[in-house]
Amino acid sequence: MKTARLVLPAMVLAAMAVAGTQPALWQDTRAVTHVPTSAKVIALTIDDGPHYKTTPEILAVLKDKQVRATFFVLGENAVRNPELVAREEADGHEIAVHGYHHASLAKLAKKEVAAELAAAEKALGRAAAGRLSLFRPPGGLYGDGVVAAARERGYTLVLWDIDPHDWARPPVANVVAAVLKRAAPGSIVLLHDGQYPLPTARALEIIIDRLRADGYELVTVSELLRLNERRAAQSGIL
Ligand SMILES: [Zn+2]
């Protein structure tokens with residue numbers, strides 16, 4: 001079994017190289033859900049905003065705790081609240097793309113997805129221009145068009161491995177428990193700031209304290225990805 005495990009990734013990688021794409025080993029061929037690592041690092045991600053009430057709540061908690069997160073911003077909400085996108089940037093958070101509208105892109109062709117990405121990039125304005133490298137399609141749903149458009153525009157598709165369903169407004173304790181139960185080195189946590197009220201800000205206060213007490217460092221998604229690239233390079237894989 002050990003041999004089979006070693007041989008299969010090599011074959012997959014060889015096929016990728018022939019196809020002209022060369023994903024790192026920690027990705028499946030299309031999207032990142034987490035980063036296998038022994039380092040106790042976790043990335044918090046916040047989707048759908050900015051929202052004029054919820055986003056400031058979350059930003060206040062992150063500032064108080066001195067944590068940087070990754071905001072997967074929705075274009076139409078960035079246009080409504082440009083000052084909040086600017087504040088996210090000013091506070092040192094990572095800005096990432098979640099599309100323009102919150103509609104599934106899964107069945108769209110590459111050209112249509114590219115148009116959606118272009119609209120989202122424009123909505124994010126000059127502040128984020130040139131620094132956008134992560135894309136999470138709405139609902140985490142994607143097909144060949146999303147994969148092709150993301151690749152063409154230089155995006156890494158980022159999903160998650162921990163989803164506490166905070167958008168459904170469960171009690172704070174449920175959100176906290178759902179995250180802590182699954183927290184592992186390299187995890188990517190999915191949270192939201194696109195509506196009000198949400199239990200997210202209050203849950204984050206507790207989640208951050210508990211994860212830190214357990215020895216975790218909280219990083220942006222790009223930092224998480226870079227950590228693994230370094231490890232891969234050190235081991236001679238890349
Ligand atoms: Zn979303």
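**Q66.** I looked up Q66 in this predicted model and found it in the loop between α2 and β2 (70-73). Its phi is positive, about 55°, although Q66 is not a glycine. I noted this because most residues other than glycine have a negative phi.

**D48.** I found a positive phi at D48 too, near 90°, and D48 is also a residue other than glycine. D48 sits in the loop between β1 and α2. I counted 23 C-beta neighbours inside 10 Å for D48, so D48 is buried; the cut-off for buried is 20 or more.

**Cis peptide bonds.** Most peptide bonds are trans. G49 and P50 are joined by a cis bond with an omega of about 0°. P50 belongs to the loop between β1 (41-47) and α2 (54-65). The bond from Y196 to P197 is cis as well, with omega near -5°. I placed P197 in the loop between β6 (188-192) and α8.

**E94.** I located E94 in strand β3, which covers residues 94-97. E94 is buried, because 23 C-beta neighbours lie inside 10 Å. Which residues does E94 touch, leaving out those up to four places away in sequence? I listed R68, T70, T220, V221 and S222. I also checked E94 against T45: they are 49 residues apart along the chain, and their C-alpha atoms are separated by 9.2 Å.

**The core.** I turned to the largest nonpolar core, which has 60 residues. L44, F135 and V189 have the most contacts inside this core. Helix α8 (residues 200-213) gives the most to the core, six residues.

**α7 and α8.** Two packed helices are described by the angle and the distance between their axes. I looked up both values for helix α7 (residues 172-182) and α8: the axes come within 9 Å and cross at roughly 40°. That angle makes α7 oblique to α8. The crossing of α7 past α8 is right-handed. From α7, the contact is made by V172, V175, V176, V179 and L180. From α8, T200, R202, A203, I206, I207 and R210 take part. I sorted the residues of this contact by type and got eight nonpolar, one polar and two charged.

Terms used. Residues are numbered from 1 along each chain as its sequence is written. This is a predicted model: local features need pLDDT of at least 70, side-chain atom pairs count only at pLDDT 80 or more; totals for chains, interfaces and linings use all residues. Helices (H or I, at least four residues) and strands (E, at least two) are DSSP runs, numbered from the N terminus. A residue is buried if 20 or more other C-beta atoms lie within 10 Å of its own, exposed if 12 or fewer, and partly exposed in between; C-beta atoms are placed from the backbone. Two residues are in contact if their C-beta atoms, placed from the backbone, lie within 7 Å. A nonpolar core is a set of buried Ala, Val, Leu, Ile, Met, Phe, Trp, Tyr and Cys residues joined through C-beta atoms within 7 Å. Axes are lines fitted to C-alpha atoms, for helices over the stretch in contact, and angles run from 0 to 180 degrees between N-to-C directions. Angles under 35 degrees count as roughly parallel, over 145 as roughly antiparallel, 65 to 115 as roughly perpendicular and the rest as oblique. A crossing is left-handed if the near helix is turned anticlockwise from the far one by less than a right angle, and right-handed if clockwise. Ala, Val, Leu, Ile, Met, Phe, Trp, Tyr, Cys and Pro count as nonpolar, Asp, Glu, Lys and Arg as charged, and the others, Gly among them, as polar.
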